[in-house]
Amino acid sequence: MRDIDPKMGDLDGRQAREHPNAAEPPDEPTSHGEPEPHVAAGFAGTVTPLAGAGSHVAVPGRRQTASVITVSDRSSRGQRADASGPALLALLEAEGYEVVGYCVVPDERPRIEAAIRGEAAKDVALVLTTGGTGLSPRDVTPEATCAVCDRLVPGIPEAMRAASMAITPRACLSRATAGTLGRTLVVNLPGSPRAACENIRAVIGPIGHGLRILREGPVDCASMTS
């Protein structure tokens, strides 16, 4: 995997000690003069899938594409290193996806909506957002996702919350959603790196099957073994 921008850094010691699903302190409001988001469009690298990975690949020899959008006021201003985005990039590549985009945007609906639409316009198969799914007044990622999606896929966040409830009862506070925009599947994840990875791992298999149907049309589900 290609090296992440060193400005992103690692999660600081305080965050690393917090419970992965604990509510993240809300970011401070941004000003209208904030800088443009950190963007790593075209992020890609040599991928060595994990053993057993790749069941989501729709066509032999061709990987599904994926992008990550980190939603954080402070990270978008460079005041805090983004740890969730790089963690998800590594997970996606290990699972056999071709990572083609990565950016950090503030907790503002227009910016989040524009970022999602931008990835869908590039016909990216899977877009993962991380952050902005809690109860803080600044947490608006689910609203932005619902605003741009054609159809919701409620089973994905339901499954993630069910899996996360086995780890912490606070999982029920997540407002994450998922939906489709054209041929693109968008999935919201928590802002904690550990929680984000735990959540997506709980549904990565079914997501692969869903992408095959979304992008290639109906399949004979009864004949499938995974």
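Arginine 215 counts as buried, at 16% relative accessibility (buried means under 20% relative accessible area, exposed over 50% and partly exposed in between, with a 1.4 Å probe and protein chains only). The model is a predicted one, where local features need pLDDT of at least 70, side-chain atom pairs count only at pLDDT 80 or more, and totals for chains, interfaces and linings use all residues. Residues are numbered from 1 along each chain as its sequence is written, and side-chain values use heavy atoms, with hydrogens and water left out.

Arginine 215 sits in helix 7 (helices, H or I of at least four residues, and strands, E of at least two, are DSSP runs numbered from the N terminus). Its side chain makes a polar contact of 3.0 Å with that of aspartate 123; such a contact is a pair of N or O atoms within 3.5 Å, and within protein one must be able to donate a hydrogen and the other to accept it, while residues adjacent in sequence count only if both atoms are side-chain atoms. A polar atom of the arginine 215 side chain also lies 2.7 Å from the backbone oxygen of arginine 183.

Helix 7, residues 193-216, holds glycine 208 too. Glycine 208 is buried, with a relative accessible area of 1%. From leucine 126 it is 82 residues away in sequence, yet 9.3 Å in space, C-alpha to C-alpha.

Then there is the sheet: six strands, open, in the order 2-1-3-6-5-4, with mixed pairing (two strands pair if DSSP finds at least two bridges between them). Strand 2 (98-105) and strand 4 (151-152) stand at the edges with a single partner strand each, so one side of each has no neighbour in the sheet.
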